[in-house]
Amino acid sequence: MGARKKTRIRRKNNGYRKLLMLLILLFIIVALIRIIIPASVTFSRYVYSKVRSYYLNSKEFYFNSDKLAVDTAYFEASNWSGVDLYEITINMNSRKNNLEMSKVNIDYRISYEYSAFKSDGTEYENSEDMLDFTISKDVALDGYAYGTILQSANNKDYFDISIKPKQNVTLNNNDYIFITVTAESLSPYKQTLVGEFKIIVGSIGMSYKIEDSNYSPYLEVIVTNTLDYYTVDTAFGTYAAGSNITIAEYNALSAEQKANCHSMIITLDFNPNDVVIDTTTNMYLVAAATGETEDVLKNGYDYIDQISFKVDAEESKVVKFYKIDASQNYTYPQGASTPIVSVSCT
């Protein structure tokens, strides 16, 4: 009898093992399905996109953009003041190259969405109502904007989008605006291009851009201060350190008193192996005289790799840099993904 009992126990254990193995196998199959199916869908979309692009090219139909793409282009910039107007130019064309281009005009439709987010990624309530969004194309009654890529215009077209906080709306450092722009060709074939834009508030009140072009010997960093006040650094008269004064109050001060205030102090950091600051400008001479520059040693010579200077309230300043490699184009943010000259402020 003892032997029979042992046999029954063994058979019962075998049943549990089979059930456990079946559950494990089922779990593995489900996991594989979850991995394989999305990958298959993504691959299928990729194949479809490539086949369709090949078909449209065979019909001499080209619908392209510098900031939108079939697979969704992504653009990010952190040079916005969070106060002034931020503008993005989107270029469209119907060209394959300088020799091949579409033989017909291409009509297209533009749609867009935008929202404001806090630095932690939380969307502001009614964020669209916080912003003024404009587009350079006329918006029709259906809510879309329309454009045409004309053969007579060298198979090119463009439109500007711009965004600005409404009056009494305050954004903080690292808050950002997220914009999605879609352009869809309407004739003679349909093609959809999409771009996503994340515009980050780098430093409240400060915006900058870099203007450059291929084979230009120099580039220009243009810094704008949109603040309308000054901060007292060292107490004098009736003004305490840390207090703010208006532009009118500042303008009434003596030169000595003005030296105790600032609206914005800009610091530029750069690699002298890439760009060299123009040392003949008054801005450099003032910074050097006040010790607001940092030297590095390059090929046995001292080179500047940092400079700081004051920018008055509601003022812009331009700083020129000579390029080591003139063939490069360091335009930012409309070109390079990261600035060749780092800009910060206090």
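**Pocket.** I looked up the largest pocket first: 18 residues line it, and N79, E87, Y208, K209 and P333 lie nearest its centre. The space in this pocket is about 400 Å³. Two or more lining residues come from each of β2 (73-80), β3 (86-93), β10 and β11. Which element gives the most to the lining? That is β10, with 5 residues.

**Ground rules.** I note that this is a predicted model, where local features need pLDDT of at least 70, side-chain atom pairs count only at pLDDT 80 or more, and totals for chains, interfaces and linings use all residues. Residues are numbered from 1 along each chain as its sequence is written, and side-chain values use heavy atoms, with hydrogens and water left out.

For the pocket I used a 1 Å grid over the protein atoms alone: a pocket is an open set of points where a 1.4 Å probe fits, with protein on both sides within 12 Å along at least five of seven lines, and lining residues have an atom within 4 Å of a point. Its volume is the space filled by probe spheres set on the points, which are joined across faces, edges and corners.

**Sheet.** I then followed β10 into an open sheet of 4 strands, with the order β10-β11-β19-β16 and antiparallel pairing. (Strands are DSSP runs of E, at least two residues; helices are H or I, at least four; both are numbered from the N terminus. Two strands pair if DSSP finds at least two bridges between them.) Why does one side of β10 and of β16 lack a neighbour in the sheet? Because β10 (206-211) and β16 (275-277) are at the edges, each with a single partner strand. Further in, β11 (residues 218-225) and β19 (residues 315-323) run antiparallel and are joined by 8 bridges. I checked one partner: V221 bridges to V319 in β19.

**One residue.** Next I picked V181, which lies in strand β8 (residues 176-187). Is V181 buried or exposed? It is buried, with a relative accessible area of 0%; buried means under 20%, exposed over 50% and partly exposed in between, with a 1.4 Å probe and protein chains only. Beyond its neighbours within four places in sequence, V181 has contacts (heavy atoms within 4.5 Å) that include L68, I90, Y112, F159 and F197.

**Whole chain.** Last, I noted 4 helices and 20 strands. Of the 346 residues, 36% are buried.

Notes. Two strands pair if DSSP finds at least two bridges between them.
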